[in-house]
Amino acid sequence: MTETPLLDVRGLTVEAGRAEAAPRILDDVSFSLQAKRILGVIGPGGSGKTTLAHALVNWLRPPLEVTSGEIRFRGEDILAMPSDRSARLRGKTIAYVGGDPQGAMNPTMHVGEQIVEKLRAVEPGVSYKEARERAVALLGAVRIPSPEQRFGEYPFQYSGGMMQRAMIVDALIANPELLIADSITQPLDVTVGAQILKLMRELSERFDTAILFISASLPTVADVADEILVLEGGRVAEFAAVDDVISRPRHAATRKLIDELPKLWHRDGMTTAAATDKAQTVLSVQNVSRVYPIKSKSGLGKPKLLQAVRDVSFDIHAGENFGVVGESGCGKSTLMRLLTALEKPDTGHIVFDGEDIFGRGRAGTRRFRREVQLVLQDPFGSLPPQSSIGEIISEPLVIHNEGDRRQRRTRALDMMGEVGLDRSLYESLPTRLTAGQRQRVNVARAMILEPRLMIMDETLSALDQTEQSRLIDLFERLQAQHGFTYLFISHDIALVRRVCARIAVMYLGEVVELAANERLFFNPGHPYSKALLSAAPTLEDRRYRPEDCLLEGEPPSPIDLPPGCAFASRCPSAFDRCRKINPQPVYRGDHDRAACHLLQPEPVAS
Amino acid sequence: MFLLGFLTRRLAQGAVIVLLVTFLIFTLLRVIPGDPVRLMVGGMAPDTLVEQIAEEMGLRDPIPVQFARYMSGVVQGDLGQSFVRPASGAAVGGAAFDDATRGERAQVLTLIAETAPYTIQLALLAMALALLVAVPIGVFAGLSPGRWPDRVALYLGSVFVSVPNFWLGIVLALVFSVQLGWLPAIGYENFAYTILPAIVLAVEIAPFIIRTLSVSVAQVMRESYIGAAAVRGLGQTRIIMAHALKNASVPLLNLLGVQFSLLLGGVLVVEFIFDYPGLGLLTINAVLQRDFPLIQGIAIVTSVAFVMINIFVDLLATMIDPRLEY
């Protein structure tokens, strides 16, 4: 190529401080990006992706600093420019969108005003009126409904996906030549993330913007990018066109990334624990609903009702892996609080082991609390930083008054061995543990009471692919040894595909479909299940094309639910009846059901 | 609509608070030892007269009855009459019980209305002085946590907060009034008399403002939207003035509300030292003379002020940060 690339990075090295032994976060990174192209950057956690993004927009914070190398933009080294000139590039010519849309804007100023503020800061000649018109037009262009009104709303009134669109508007409004997009779909639900990706591609064509697209998900990057840069341990492992990287990976790191991807449509190799026919029901959820009254802001008038969980029913059998999937706001977390007796449902019953969990008296509740254990998502917030790991793991024994000090220590040490934690960690504080080790501590703490049901609420979501696989293996081994029943609550469709025998799909507080793994993935009954499947990032050939199933817009608010089917407003095949009558579950075979007017009941196989 | 609902709800809550405070003070005043009638009529009056006057004033009725009678006056804007102070403004105490010039006693409301402006003036000046010094120091410290402005702020705050106000008051009076003769110190004749007590109070309040502001500014500066703003192309001045300070001001606002209420409630020691004719001095005298109606009146007025200031502060805070809900 003869023309100068838009961005040409040569030998970029970033170190944490100038000391001799300072850790190198980026090591001799070189690549180039032509105008109007999209370059994907991929790598496992800790490979230096975000540091690279920050270095490009001059956002490194001490102790991080560039110790050698060049970042040439249109042939001129940004790092060597006088600071006022490089400051003028920021926001105007080189724009940035990060993975934390909700935190990216001042919470006490209208979103629109901040976009106008930014535009006028980087293009001083623009009048307020013109800036406002441009902002409203672009908000409309990224398909934010009623942009005039949204212009004057605060960031907290936006949903995550909406806010990410607003941040894209903010980045593109000054017509930058280069956009750095760092993990922009990571905090979003898959269906919303897929919309954002589609939008990125359209915008890059429309505005002729080159994009550096950073993500931890290979399928996502492969979807949008022209070329891929694979980072590993701060070094460039591979830099080639997308197809080459996917079909002919040359570096071990790339192959590892590809191999670790969970397979959605491979039928073999699935080891989901299913219950035997005569297995007893451990947990039975019967027509459970939970409604929260929301006070209006003035405190006057009738409170509105937020219907978090609506008429949910399912049974979990001993020894099986049961999954609950759905996107944020679908009621998963409320359901978890109900199942663990942290909250009472407004209607319906939850029966554990043949007895209602709320009618058992003190001793019964205590017994329930040891037989059902919970492992949560956040590996960092869930461990007390001031207690040693041994204390944390043995605490449940103290609470339930079991054994003396020595026995408790022995059991905690055994447990640490079982979950793969080094026994020498017994006395140390959890501060230095990695996310994966922390989740092992959480699992050990939950298991030490030998529960019958373990509820995994997004337990694996904060971990990278490698660590996820290891923990899944651990769960399987422990299940084989102790005969647990697992309930996985997750937004990750690939995870439930891998571990769950039966899966309930939730949308706006309802279970819209409940089916065995095979049926859900190969013959889903509900259009929302199909949409979820089509949006799941994968390198495999898709069974469901996003163009056919993908949803426009976002779920309606659970506060003012429309009559009829809650999904009707986003459903590609909705018709009149859907907007009037909420469909009843239609049984397909013995146990599987889905709530859709389009389904015909299937005869029970004899 | 939001404003209307907010005000209705908060004013109703405030009325309950004021009622409770009043009842508490009313009851406490009547169960502690010491007969105000004896003080009123003077030591020479016969016991029968004391009893007779007490009966006439209703002081021998059950406390709830007295309270109901009192409150029915209060809602009509009548806070009662002082037990001791004559309406003529003559000196208190030491007179015979049959002195005719003292027959008519002063209205509590009038007494408070006469003194309150002095206290408000003192409070406003003290607050202004404190803000003038503390805001730049606090902001500067918050912008450079751990470096020298932060440390200067910390040391200055520690010194200010540990200076006893009565000592500072006396020292300032000695230096500026006695030695230099720049400012008057005792009593009140014109605005200049407010300056020294206001300085003493400002030194007392400033450390809290510095601390609150430096912590909240430092915290806001760590927020991701501040870092992101620079990357989005905003200038540093704009980021600090329009984004950081606005968000950092809510904790300060709450602090100022509380501090201002405390100032209005009477700065007893400082007003006493400077013989400043404000609510504080009035309170001290009322307590010393067991002037029940006056003490009650002051309690009601200050608790009303407290409630109103808090409503105002919360309203202001929701305007700055619409996520807040009070």
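Predicted model: local features only at pLDDT ≥ 70, side-chain atom pairs only at ≥ 80, totals over all residues.
Residues 9–258 of chain A are 39% helix and 25% strand.

Next, the domains. Chain A is divided into domain 1, residues 7–260, and domain 2, residues 518–601. Taken over C-alpha atoms, the centres of domain 1 and domain 2 of chain A are separated by 33 Å. Twelve residues of domain 1 of chain A are in contact with eleven residues of domain 2 of chain A. On the domain 1 side, two elements of chain A give two or more residues: helix H7, 190–207, and helix H8, 218–224. How do the residues on that side of domain 1 of chain A divide? There are seven nonpolar, five polar and no charged residues.

Now the contact between the chains. Chain A puts in 25 residues and chain B puts in 24 residues. On the side of chain B that touches chain A, at least two residues each come from helix H1 (2–31), helix H9 (224–231) and helix H10 (236–264) of chain B. Which of these gives the most? That is H9(B), with five residues. By class, the side of chain B that touches chain A has nine nonpolar, seven polar and eight charged residues.

So much for the chain contact. One item to take back to the structure: charged residues are present on the chain B side that touches chain A, while the domain 1 side that touches domain 2 in chain A has none.

Terms used:
Residues numbered from 1 in each chain as written. Chains lettered and ligands numbered in written order. Helix = DSSP H or I, 4+ residues; strand = E, 2+ residues; numbered from the N terminus. Contact = placed C-beta atoms within 7 Å. Nonpolar A, V, L, I, M, F, W, Y, C, P; charged D, E, K, R; others polar. Domains from an automatic or database assignment.
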